[in-house]
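Work through the exercises below with the sequence and the coordinates at hand. Each task is followed by a solution in steps.

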Amino acid sequence: MKLALHAGVAALALVAAVSGAQAQTRDQIRIVGSSTVFPYTQAVAEQFAASTGGAAPVVESTGTGGGFQVFCGGVGADHPDITGASRAMRLSEFELCATNGVDSVTEVLIGYDGLSIAHSQQGPELNLTKAQIFQALASEVEVNGEIVANPYKMWNEIDASLPATAITVFGPPPTSGTRDAFVELVMIEGCEAFPAIEALEGDRKDEVCERMRQDGPFIEAGENDNLIVQRLNADTNAVGIFGYSFLFENSDTLKAVGVDGVLPSFETIADGSYAVSRPLYIYLKNAHKGVIPGFEDFVNEYVSEASFGEGGYLSERGLIPLPADQRETVRANVTGGVAMTAPAK
Amino acid sequence: MTESTIPGTGAAVAARPSSQAAAALRKRRYAADTRLRVAGLTAILAAVGMLGLLLWTIVSQGLPAFTQTHVRLDFPLSAELVDPADLEATNWRAVVTGGLNAALGETASPAQQRLLSQIITNNAQFIVRDAVRANPSLVGSSITLSVPAADPFDGLNKGQVLRDVPEANRRVSDAQIAWFDQLSAQGRVTAPFNWGLFFNADSRFPEMAGLAGAITGSFYLLLVCFLISFPVGIASAIYLEEFAPKNRWTDLIEVNINNLAAMPSIVYGLLGLAVFIQIFGAPRSAPLSGGLVLSLMVLPTIIISTRAALKAIPPSIREAALGMGASKHQVVMQHVLPLAMPGILTGTIIGMAQALGETAPLLLIGMNAFVTSPPGGILDASTSLPTQIFIWADSPERGFVSRTSAAIMVLLGFLLFMNAIAIYLRSKLERRW
């Protein structure tokens with residue numbers, strides 16, 4: 001049983017290696033954060049590794065909130081260098097960073113991401129207003145000045161001009177950043193059209209505006225957007241909510257639903273006329289500058305024209321680039337390592 | 001059943017003489033037999049049918065990923081484009097465009113050049129660069145290479161992207177299709193076996209993405225997992241089976257081990273995150289941390305199967321050895337353990353197969369990272385086969401749909417192989433007493 005003995009020794013050595021690993025520094029960049037920013041960071045990481053021949057950065061998709069948790073955990077090789085976010089950092093997260101000694105963070109706005117509402121090419125044309133989307137998806141709506149549980153089951157019950165098909169909408173679950181953005185950009189704005197809801201105050205108003213219906217027509221389809229795409233192909237009357245890049249990749253089978261009369265495209269998202277879009281950020285830990293090899297090169301690659309500029313490889317992946325002057329400002333911030341100040345909330 | 005008399009079975013005997021009631025009863029019993037058989041057969045057919053449907057979906061979706069469309073091009077390496085003294089400063093994109101222009105004879109506008117270069121993979125520039133780096137004497141002449149076609153054109157070549165879809169609704173424009181057809185007519189388009197699927201690491205481009213990182217990662221994971229769980233598992237099983245006194249404490253341990261075997265695997269992931277990574281500082285996303293977590297998960301399986309194998313050794317062997325004057329330690333190490341080894345190995349391999357297919361705990365410790373190079377050791381960040389499937393299933397690009405299924409096929413292949421070894425060991429080496 002020499003084998004078992006040797007194996008035991010090797011196992012002990014491994015355990016020893018674990019405790020030793022803490023002290024060791026690393027030679028590759030580590031990035032965490034939003035699953036929406038993930039594909040873009042992936043693209044920069046691959047380009048960076050292939051063109052410089054440096055160690056391939058490790059990119060992990062943890063979600064925006066989870067990313068800040070790890071990112072703000074501290075300074076040093078055990079903690080990631082960059083985190084991606086599909087919303088700006090919150091005050092609570094900024095304070096968490098500060099308590100753990102991460103006091104110099106640069107906020108980098110990399111561009112915009114459109115949220116698309118889409119359905120099968122075979123389905124009827126749909127053009128909705130935010131108010132109509134709110135009426136279709138909220139748990140409580142206003143009917144004749146009263147706030148009642150959502151009675152609408154068919155699109156044409158909301159407005160006679162809409163098709164006479166059942167409301168079936170696949171959307172992201174509450175844990176998803178896409179869901180937060182959808183609620184903020186569509187539902188909350190949609191409910192402004194209703195005077196009885198506007199008249200409500202405080203928590204009750206938030207509840208009516210933000211709560212999605214649970215009685216069937218809105219279906220939480222999980223975090224996997226590909227799954228929603230497949231379901232839309234199977235059910236031609238169903239509508240799905242997901243990131244614009246999925247619509248862009250599947251434009252042969254899906255078509256967009258116009259929101260307030262505007263269809264999503266690179267142009268309409270960039271100029272702001274398609275109103276369902278959100279900013280994407282990466283946050284840089286300045287303390288790791290010059291400590292983690294390649295950190296600065298990587299960040300410079302991220303904010304280069306070839307990457308996040310117009311026609312750059314990130315826009316090929318679906319990112320909506322910033323206007324040219326804003327890109328200049330962002331680049332200057334990155335090179336200067338300008339630390340962000342505490343966010344308002 | 002024959003008509004012979006069965007004495008002593010009350011009702012049957014009493015009713016037997018030419019009674020119609022007996023005939024009816026017999027008929028009912030035969031019918032019940034048939035119904036049971038039919039129900040059993042239906043259940044099996046349903047199970048086989050569902051399994052078949054699952055396999056058919058995976059295989060039919062995954063098969064296209066085992067070939068990859070390539071375009072063979074002659075890339076001009078004129079001295080003005082490539083400076084042999086400073087290969088790093090070369091604009092390799094221009095070299096790639098040069099190769100496409102050489103084949104199609106186009107002198108197009110920059111916008112058209114961009115469309116043209118989208119036909120082949122974005123990483124063609126690095127493929128050409130590496131080829132020239134390996135053989136710098138080529139500068140001044142040209143180099144012929146088969147480079148992967150970009151994902152939409154791979155789909156076009158395989159009939160997944162349809163030409164009759166209106167131009168606005170597909171990822172390839174009419175002009176690009178015309179260029180691609182021209183390349184095809186020149187015999188430059190081939191679709192060989194996709195070795196890249198096994199020898200490339202992950203990439204964001206489906207045409208370049210492969211499983212090398214995931215396979216190496218899974219190998220290191222299993223190595224760590226085996227090195228820890230095998231000795232620890234066997235030692236605990238030997239102690240519990242051969243040495244431990246039978247009392248309340250050992251009963252408690254036994255119940256707990258059996259319970260651990262039924263624990264949802266995500267719990268081990270949470271434990272690994274909290275203990276190994278946050279307290280002991282094991283590196284995130286590394287096979288070391290993953291292997292530690294998986295070894296905890298596999299331990300109960302190994303302990304239980306080892307104990308079963310030890311129990312199956314007849315007491316006569318132990319008694320004979322003890323009778324010959326062997327010490328307890330000699331009995332276990334020289335007689336019982338070697339005889340129990342086939343059973344132990346079978347249990348271990350099944351445990352390892354379980355570890356190979358495990359995803360949930362690995363997601364928690366960050367083994368679903370995107371890394372474009374295979375890990376060089378157990379401390380490097382990497383993915384494993386199941387987490388790679390998880391990442392690909394979530395990617396927007398079309399090509400990843402078939403690659404996800406192909407990766408599932410590879411994983412299933414490894415699992416079948418490991419289970420086949422376990423079956424072989426069991427049938428070849430196991431002794432019956």
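**Exercise 1. State what share of the residues in chain A is buried, and describe the chain as a whole.**

Step 1. Of the 345 residues in chain A, 54% are buried, where buried means under 20% relative accessible area, exposed over 50%, and partly exposed in between (1.4 Å probe, protein chains only).

Step 2. The model is predicted: local features need pLDDT of at least 70, side-chain atom pairs count only at pLDDT 80 or more, and totals for chains, interfaces and linings use all residues. Residues are numbered from 1 along each chain as its sequence is written, chains are lettered from A and ligands numbered from 1 in the order in which they are written, and side-chain values use heavy atoms, with hydrogens and water left out.

Step 3. Chain A has 16 helices and 13 strands; these are DSSP runs numbered from the N terminus, helices being H or I with at least four residues and strands E with at least two.

Step 4. The C-alpha trace of chain A spans about 75 × 60 × 45 Å along its principal axes.

Step 5. Take the contacts in chain A (heavy atoms within 4.5 Å) between residues at least 6 apart in sequence: 72% of them join residues at least 24 apart.

**Exercise 2. Describe how α2(A) and α13(A) pack.**

Step 1. Two packed helices are described by the angle between their axes and the distance between the axes.

Step 2. For helix α2 (residues 38-52) and helix α13 (residues 295-302) of chain A, the angle is about 120 degrees and the axes are 10 Å apart. The axes are lines fitted to C-alpha atoms over the stretch in contact, and angles run from 0 to 180 degrees between N-to-C directions.

Step 3. That angle makes α2(A) oblique to α13(A), since angles under 35 degrees count as roughly parallel, over 145 as roughly antiparallel, 65 to 115 as roughly perpendicular and the rest as oblique.

Step 4. The contact is made by A:Tyr40, A:Thr41, A:Val44, A:Ala45, A:Gln47 and A:Phe48 on α2(A), and by A:Asp297, A:Phe298, A:Glu301 and A:Tyr302 on α13(A).

Step 5. These residues divide into six nonpolar, two polar and two charged.

**Exercise 3. Is A:Thr168 buried or exposed, and what is A:Thr168 in contact with?**

Step 1. A:Thr168 is in the loop between α6 (155-158) and β8 (169-171) of chain A.

Step 2. A relative accessible area of 16% makes A:Thr168 buried.

Step 3. Leaving aside neighbours within four places in sequence, A:Thr168 is in contact with A:Pro217, A:Ile219, A:Asp235, A:Asn237, A:Ala238 and A:Val239.

Conventions
Nonpolar A, V, L, I, M, F, W, Y, C, P; charged D, E, K, R; others polar.
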